[in-house]
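Please open the model in your viewer and keep the sequence panel beside it. The stops below each begin with a selection and then describe what is there.

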Amino acid sequence: MLGLDGRTALVTGAGRGIGRAIALRLASEGARVAVHYGSSADGAARVVEAIKTRGGDAFAIHAQLGVPGDAAALWSAFDEHADGVDIIVNNAGTLGTREPYEDVTEAGFDEVFATNTKAPFFIVQEGLSRLRRAGRVINVSTSFTHGSRNPDLLAYSMSKAAIDAFTGALAKHLGPRGITVNAVGPGATATDMNAARLATPEGREAIASRSPLNAVAEPEDIADIVAFLASADARWVTGQWIDATGGALL
């Protein structure tokens with residue numbers, strides 16, 4: 001047990017996929033979890049219900065990210081349920097559209113950066129007055145910033161590279177308060193985002209073969225790493241990008 005009893009966590013984009021798994025995992029360790037959603041209201045409700053059924057505590061909050069005032073709206077919703085936070089997990093994000101560099105539009109580029117980069121930046125900034133000493137900030141990044149390249153997701157990759165830079169700088173800034181800041185970089189994971197590629201045996205095998213473990217990551221595999229970083233066991237780890245690809249970058 002990692003012992004998160006008495007801690008309050010915020011997980012953005014927690015209605016499905018990796019965010020859902022993170023919310024469930026943190027709750028299983030005793031954390032009270034704010035399950036944020038943008039469009040997955042039913043999914044968030046199911047996550048809250050699952051946590052409560054297992055004896056945990058959670059509440060859902062809504063805020064559309066990537067729009068002006070998103071961070072303020074998120075924390076306003078959060079404040080209706082809690083008076084402080086110990087763990088902030090910036091998981092919500094968008095791939096944008098898969099398209100050649102030549103076809104990327106300014107509007108599409110701006111949307112990806114507004115959701116993936118600007119929103120986490122200001123969510124943490126707005127949350128600083130609520131973030132308790134010895135807190136945790138954990139940013140979900142991607143393998144695309146560390147060796148795995150996809151030319152059709154340039155804007156997405158750039159937006160996450162900015163998050164990696166944010167992670168290291170923020171770790172130095174918040175260190176005097178005992179707050180650690182880390183990033184987790186998943187590879188291809190069995191979520192809705194990759195459902196089409198995983199729908200056939202050939203597609204699944206192609207993805208699994210990227211890892212020396214010859215397997216496809218489940219959302220729970222990423223959630224376990226986040227839970228460790230959220231715990232006291234990771235108190236001496238900060239400013240790091242954690243490879244969560246199952247060795248696919250070797």
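Select Val112 and display everything around it: leaving aside its neighbours within four places in sequence, Val112 is in contact (heavy atoms within 4.5 Å) with Thr94, Leu95, Gly96, Thr117, Ala155, Tyr156 and Ser159. This is a predicted model, in which local features need pLDDT of at least 70 and side-chain atom pairs count only at pLDDT 80 or more, while totals for chains, interfaces and linings use all residues. Residues are numbered from 1 along each chain as its sequence is written, and side-chain values use heavy atoms, with hydrogens and water left out.

Stay with Val112 for a moment and draw a line from its C-alpha to that of Thr94: the two residues are 18 apart in sequence and 6.2 Å apart in space. Val112 has a relative accessible area of 3% and is therefore buried, where buried means under 20% relative accessible area, exposed over 50%, and partly exposed in between, with a 1.4 Å probe and protein chains only. Val112 belongs to helix 4; helices here are DSSP runs of H or I with at least four residues, strands are runs of E with at least two, and both are numbered from the N terminus.

Select strand 6, residues 180-186, and ask how many of its residues are buried. Seven of its seven are, so far as the model shows. Thr180, Asn182, Val184 and Pro186 point one way from strand 6, whereas Val181, Ala183 and Gly185 point the other way, and all are buried.

Turn next to the charged side chains. A search of the whole structure finds seven salt bridges, a salt bridge being a side-chain nitrogen of Lys or Arg within 4 Å of a carboxyl oxygen of Asp or Glu. Begin with Glu29 and Arg25, whose closest N and O atoms are 2.4 Å apart; Glu29 is buried at 4% relative accessibility, whereas Arg25 is partly exposed at 22%.

Then select Asp79 and Arg130, which form a salt bridge with their closest N and O atoms 2.8 Å apart. This pair links distant parts of the chain, with Asp79 in helix 3 and Arg130 in the loop between helix 4 and strand 5, 51 residues apart. Asp79 is partly exposed at 38% relative accessibility, while Arg130, with a relative accessible area of 19%, is buried.

Which parts of the chain does the pair of Asp83 and Arg132 tie together? The side chains of these two residues meet in a salt bridge of 3.3 Å, N to O; Asp83 lies in the loop between helix 3 and strand 4 and Arg132 in strand 5, so the pair joins parts that are 49 residues apart in sequence. Asp83 is exposed at 72% relative accessibility, and Arg132 is partly exposed at 31%.

For the last stop, show the surface and select Tyr101, Leu154 and Met158, which make a nonpolar surface patch of about 320 Å². Leu154 is found in helix 5 (residues 154-174) and is partly exposed, at 34% relative accessibility. Patches are made of residues with over 30% relative accessible area and no salt bridge, with like charges joined within 9 Å and nonpolar side chains (Val, Leu, Ile, Met, Phe, Trp, Tyr) within 5 Å; the accessible areas come from the Shrake-Rupley method with a 1.4 Å probe, and for residues only the protein chains shown count as cover.
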